[in-house]
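Trainee: I have a protein model open and I'd like to learn how to read it. Could you walk me through it?

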Amino acid sequence: MTKKERFAFVISYFEQHAPHAETELIYDNPYQLLVAVILSAQCTDKRVNMTTPAIFDRYPDLEALSKATFDDLFPLIRSISYPNNKTKHLIGMAQMVMDDFNGEIPSTVPELIKLPGVGRKTANVITSVVHQQPNMAVDTHVFRVSARIGLTTNAKTPLQTELQLLKYIPKEKVYIAHHWLILHGRYICVARNPKCGECGLRPACKYYQQIIKAQ
């Protein structure tokens, strides 16, 4: 199976079995999504969803968050990984959006990555989810699943993975392909003991063909 054929198989499978895949972060607007994605770094979506309601109740918008103090916000984030840094990032992010972007969350990756706590992955999530731009966010799930299936070859960094995926995934499908790969990695192609017996991608998966089937 060529790489082009492998991508076609994977895309066709997900279009049939996960046509409405979306983020599992709970949010009502771009502000809430940005806060949630910043908090989700090296933390589960489930934990973030347990934490954000109290934050949004106390700080319902960017202006309110920009006026938060560390001592007031930190207790609401204490249960999240790296709470010190994320508390500072959220306040700094809100202040920069208010001061440098007239209170409007930027809609481009180059502008978003200027914000505290926002790296390329976070910026790609925001632009793809909110604006359906063809930007591929690569987290640990996307990185692992892409390599296992054989969608990427010798990709050593998230950026290399991102660029290889973008080469073969049609632009109009990139925003949802991000969710396909994340959710597949979260529930089927898990890091340890992947559930190959439940996976419909086996005919196209290099890992299954070379490792599991060969056993």
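Mentor: The protein is split into domain 1 (3–21 + 136–212) and domain 2 (30–131), with bounds that come from an automatic or database domain assignment. Keep in mind that this is a predicted model: local features need pLDDT of at least 70, side-chain atom pairs count only at pLDDT 80 or more, and totals for chains, interfaces and linings use all residues. Residues are numbered from 1 along each chain as its sequence is written, and side-chain values use heavy atoms, with hydrogens and water left out.

Trainee: How far apart are the C-alpha centres of domain 1 and domain 2, and how many residues are in contact?

Mentor: The two C-alpha centres are 28 Å apart. Contact means heavy atoms within 4.5 Å, and by that rule 10 residues of domain 1 touch 7 residues of domain 2.

Trainee: Which polar links cross the interface of domain 1 and domain 2?

Mentor: There are 4 residue pairs in polar contact, both residues being at pLDDT 80 or more. A polar contact is a pair of N or O atoms within 3.5 Å; within protein, one must be able to donate a hydrogen and the other to accept it, and residues adjacent in sequence count only if both atoms are side-chain atoms. On the domain 1 side that touches domain 2, α10 (158–168) and α11 (174–187) each supply at least two residues. Helices here are DSSP runs (H or I, at least four residues), numbered from the N terminus. The helix that gives the most to that side is α11, with 4 residues. By class, that side of domain 1 has 5 nonpolar, 2 polar and 3 charged residues. Ala, Val, Leu, Ile, Met, Phe, Trp, Tyr, Cys and Pro count as nonpolar, Asp, Glu, Lys and Arg as charged, and the others, Gly among them, as polar.

Trainee: And how do I read a salt bridge?

Mentor: Side chains of opposite charge can pair when their charged atoms come close. The rule asks for a side-chain nitrogen of Lys or Arg within 4 Å of a carboxyl oxygen of Asp or Glu. It gives 6 salt bridges in this model, and 2 salt bridges are found across the interface of domain 1 and domain 2.

Trainee: Which residue does K173 form a salt bridge with?

Mentor: K173 pairs with E15, their closest N and O atoms being 2.5 Å apart. This pair links distant parts of the chain: K173 is in the loop between α10 and α11, E15 is in helix α1 (residues 3–17), and they are 158 residues apart. K173 is partly exposed at 22% relative accessible area, and E15 is partly exposed at 35%. The cut-offs are under 20% relative accessible area for buried, over 50% for exposed, and partly exposed in between (1.4 Å probe, protein chains only).

Trainee: Is E162 buried or exposed?

Mentor: E162 is buried, with a relative accessible area of 4%. E162 forms a salt bridge with R120, the closest N and O atoms being 2.8 Å apart. R120 is partly exposed at 43%.

Trainee: Let's look at one helix. How many residues of α9 are buried?

Mentor: Helix α9 (residues 140–149) is mostly covered, with 7 of its 10 residues buried. Among them are H141, V145 and I149. At the start of α9, a side-chain oxygen of D139 comes to within 3.0 Å of the backbone nitrogen of H141. Just after α9, G150 has a positive phi of about 105°.

Trainee: Where is N49, and why does N49 count as buried?

Mentor: N49 is in helix α3 (residues 45–58). N49 counts as buried because its relative accessibility is 16%. Setting aside neighbours within four places in sequence, N49 is in contact with E24, L25 and I26. A polar atom of the N49 side chain lies 2.9 Å from the backbone oxygen of E24.
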